[in-house]
Amino acid sequence: MNEYLPGLEGVPATKSNISDLDGKRGVLTYRGYRIKDLAEYSSFEETAMLLLDGRLPTREELAEFDRQIRSNRRVKYNIREIMKYLPATGHPMEMLQASIASLAMFYPGDECLTGSEVCEDLDYVHNMSVKILARMATLVAMWQHIRNGYDPIEPRDDLTYAENLLYMFNGRDPDPLLARIMDACLILHAEHTINASTFAALVAGSTLASPYLVIAAAVGTLAGPLHGGANQRVVEMLREIGSPDRAEAWLEDKLAKKAKIWGMGHREYKVKDPRATILQNMMLELMRERGGEMGPLFETALKLEELCEARLGPKGVYPNVDFYSGILYSAMGIPEDQFTSIFAVARCAGWLAHWREQLKDNRIFRPTQVYTGESERDYIPIGQR
Ligand code: COA
């Protein structure tokens, strides 16, 4: 096959049994379980196990996994020292990529990856997955304090993953409703078939690179605004619009300039992303709990969605996961430039599941290209050019 398809649209890059989506019906499943049910009834810890191991755990298995995650949350103090020297103005995703990559040096042990029996060593794969997943949240929250000149808040092992994440951000015992919403957000972002960052993880994993570097590759790929970075852009865009009554003129101006509307559109979904609907409903729940006040961001988003449906709906462009997630994170007190980092913390579960699946039947990714350059020719010495 020599046909070049830009963006590899429609080209299967792997075989996977981790998640599936139906872009016409707007259905997403992890290991066959509907995302809506997981967001309502599961926990991030249980969903991570489902993704990694392929089945829902028993009560005992979940308790053991949870214990392992809780006891691996701390990172060596040298990581804190590294962070102190990073520019405070750096983007949290840049910090996260640098920090996760540096963990490979502090926690080595990937010798078995270079052996021929790598796929058999499930203990190694499991232990690495636990360590990385447990520490992602710690790194993200540490940066919030270090960049402001403070020592980070130590993780607590008496809290769930979502509770501890919120606690490490603001140092207060987490509000139960906010913790439940954060948990559901982590579940909703945990996995999404072969998207750009997961593909990057697969490519890095296929070279038998250390899992920390695999996740670093994925973090860098998630950062871009066409992928995970869109959630930050959405809130910036809504602030720029300012209020629902200004949305129509703003949208017409952007569409006339052929600009992208952040949080809209998806390669696979031609209807509204099911995760966007769940996030929107959670936002409504939070607003009701807080006395019914919607706030300008949410009101503007609702109006923009309505306008976009008329203008972009015929092209199959509808809200994606990033359209409402940032508004929700804002309402939970997460700073705007940390939205994508929270996405990365969650998606780490899916990246690790794909890394594990890749190792089971590994072959290095080495695609081909359609060469469009000069044909073979003689070198011209510099004096004759
Ligand atoms: N705003 C305006 N128009 C959009 C759009 C958006 N966000 N997303 C897609 N479209 C339009 C394109 O302009 C194009 O129209 P045309 O056929 O008239 O030229 C058509 O829909 C197809 O878009 P295309 O960019 O080819 O789709 P893609 O599959 O290559 O890209 C995204 C998918 C997600 C990168 C794209 O929709 C996008 O940039 N969205 C905004 C960024 C974002 O929210 N990313 C998060 C994804 S979860």
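Visitor: What's the handedness where helix 2 and helix 8 cross?
Guide: The crossing of helix 2 and helix 8 is right-handed, the near helix being turned clockwise from the far one by less than a right angle. Helices here are DSSP runs of H or I, at least four residues, numbered from the N terminus. Bear in mind that this is a predicted model: local features need pLDDT of at least 70, side-chain atom pairs count only at pLDDT 80 or more, and totals for chains, interfaces and linings use all residues. Residues are numbered from 1 along each chain as its sequence is written, and side-chain values use heavy atoms, with hydrogens and water left out.

Visitor: What angle do helix 2 and helix 8 pack at?
Guide: About 15°, with the axes of helix 2 (residues 44–53) and helix 8 (residues 176–189) 9 Å apart. Axes are lines fitted to C-alpha atoms, for helices over the stretch in contact, and angles run from 0 to 180 degrees between N-to-C directions. That makes helix 2 roughly parallel to helix 8 (angles under 35 degrees count as roughly parallel, over 145 as roughly antiparallel, 65 to 115 as roughly perpendicular and the rest as oblique).

Visitor: Which residues meet there?
Guide: From helix 2, F44, E45 and T47 meet D183, L186 and I187 of helix 8, a contact being heavy atoms within 4.5 Å. By class, three are nonpolar, one is polar and two are charged. Ala, Val, Leu, Ile, Met, Phe, Trp, Tyr, Cys and Pro count as nonpolar, Asp, Glu, Lys and Arg as charged, and the others, Gly among them, as polar.

Visitor: And how do helix 11 and helix 14 cross?
Guide: At roughly 95°, with their axes coming within 9 Å. Helix 11 and helix 14 are therefore roughly perpendicular to each other. Their contact has seven nonpolar, one polar and one charged residues.

Visitor: New topic: how many disulfides?
Guide: Zero, searching the whole structure; a disulfide would be a pair of cysteine sulfur atoms within 2.5 Å.

Visitor: Is C185 buried or exposed?
Guide: C185 counts as buried because its relative accessibility is 0%. Buried means under 20% relative accessible area, exposed over 50%, partly exposed in between (1.4 Å probe, protein chains only). C348 is buried at 0% too.

Visitor: How many residues of helix 9 are buried?
Guide: Eight of eleven, and those buried residues pack against helix 10 (211–222) and helix 16 (339–360).

Notes. Helices (H or I, at least four residues) and strands (E, at least two) are DSSP runs, numbered from the N terminus.
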